[in-house]
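Subject: Structure for you to look at

Hello,

Here is the structure I said I would pass on. Please look through it first; my notes on what was found follow below.

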Amino acid sequence: LKYLEDSRRPARTRTAAPPLSTAAMPESRKTSLKSAAYEKKVGKSSSGSKKDKKPFTVGPVVLALFLFVVVGSAILQIISSAQRGLV
């Protein structure tokens, strides 16, 4: 019976929300001053003088250590596989 009663009811239609307008509430003086200050600052940080970043350079000691580890491990791998007879 409930199913039949529900089917007899007219379908509810949703009403759209009223569009938001900027004139709904006046800005306070503090808000308008902050907004004006923000508008002045927009774009200044990116268009201002950019700090020159030095490219990342690797020192000679770090480079030597890296090469020692990589080349040394490759040589040890070759020697190890030669002893097992895989080469």
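**Surface patches**

A nonpolar patch on the surface is formed by Phe56, Val58, Val62, Leu63, Phe66, Leu67, Val70, Val71, Ile75, Leu76 and Ile79, which together have about 1,100 Å² of accessible area. A patch is made of residues with over 30% relative accessible area and no salt bridge, with nonpolar side chains (Val, Leu, Ile, Met, Phe, Trp, Tyr) joined within 5 Å and like charges within 9 Å. A salt bridge is a side-chain nitrogen of Lys or Arg within 4 Å of a carboxyl oxygen of Asp or Glu. Areas come from the Shrake-Rupley method with a 1.4 Å probe, and for residues only the protein chains shown count as cover.

This is a predicted model, in which local features need pLDDT of at least 70 and side-chain atom pairs count only at pLDDT 80 or more, while totals for chains, interfaces and linings use all residues. Residues are numbered from 1 along each chain as its sequence is written, and side-chain values use heavy atoms, with hydrogens and water left out.

Leu63 sits in helix H4 (residues 60-84). Because its relative accessible area is 44%, Leu63 is partly exposed; buried means under 20%, exposed over 50%, and partly exposed in between.

The surface also has a patch of positive charge, where Lys30, Lys34, Lys40, Lys41 and Lys44 gather. Helix H2 (residues 29-41) gives the largest share of the positive patch, four residues. Lys30 lies in helix H2 and counts as exposed because its relative accessibility is 61%.

**The whole protein**

The protein has four helices and zero strands (DSSP runs: H or I of at least four residues for helices, E of at least two for strands). Of its 87 residues, 1% count as buried. The protein exposes about 9,500 Å², and carbon and sulfur atoms supply 63% of that.

Ser81, in helix H4, counts as buried because its relative accessibility is 13%.

Regards

Key:
Lys, Arg positive; Asp, Glu negative; His and termini not counted. Charge placed at Lys NZ, Arg CZ, Asp CG, Glu CD. Buried < 20%, exposed > 50% of the residue type's maximum accessible area, 1.4 Å probe, protein only.
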